[in-house]
Amino acid sequence: MTMMVLLLGIAVLIAAAGLGAVIWAARGGPRWVRGVAKATTVAAELASSATKSGGRRSGGTNSADPGDTST
């Protein structure tokens, strides 16, 4: 339990540092900050696409009406 809390805390710190790098890079930070910001953005896009594709892969039922074709 304690190890999980520690790992979650580290993950939150890394995410906060990445967010700070994105903000700093948007304001014209040094080159290394732009690299960290790019890596953070790519990681966020990968996580987002993995979440989206996971929903399609599960094969679960859809709560939409059978006649509803909008997605």
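The model is predicted, so local features need pLDDT of at least 70, side-chain atom pairs count only at pLDDT 80 or more, and totals for chains, interfaces and linings use all residues. Residues are numbered from 1 along each chain as its sequence is written, and side-chain values use heavy atoms, with hydrogens and water left out.

**Exercise 1.** Work out what span helix α1 should have at 1.5 Å a residue.

*Solution.* Start with the inventory: the protein chain has two helices and zero strands. These are DSSP runs numbered from the N terminus (helices: H or I, at least four residues; strands: E, at least two). Helix α1 covers residues 2–26, which is 25 residues. The expected span is 1.5 Å times one less than the number of residues, so α1 should span 36 Å. Now check the end C-alpha atoms: they sit 36 Å apart, in agreement. Just after α1, Gly28 has a positive phi of about 90 degrees.

**Exercise 2.** Find which residues of α1 are buried.

*Solution.* Take the cut-offs: buried is under 20% relative accessible area, exposed over 50%, partly exposed in between (1.4 Å probe, protein chains only). In α1, Gly18, Ala21 and Ala25 come out as buried. Leu6 also lies in α1, but at 49% relative accessible area Leu6 is partly exposed. Across the 71 residues of the protein chain, buried ones make up 8%.

**Exercise 3.** Classify how the rings of Trp24 and Trp32 are arranged.

*Solution.* A ring pair is described by the distance of the centres and the angle of the planes. Rings of Phe, Tyr and Trp (its six-membered ring) pair if their centres lie within 6.5 Å; planes under 30 degrees apart are stacked, over 60 edge-to-face, and the rest tilted. That rule gives one aromatic pair. The centres of Trp24 and Trp32 are 5.7 Å apart and the planes stand at 90 degrees, so the pair is edge-to-face. As for accessibility, Trp24 is partly exposed at 43%, whereas Trp32 counts as exposed at 56%.
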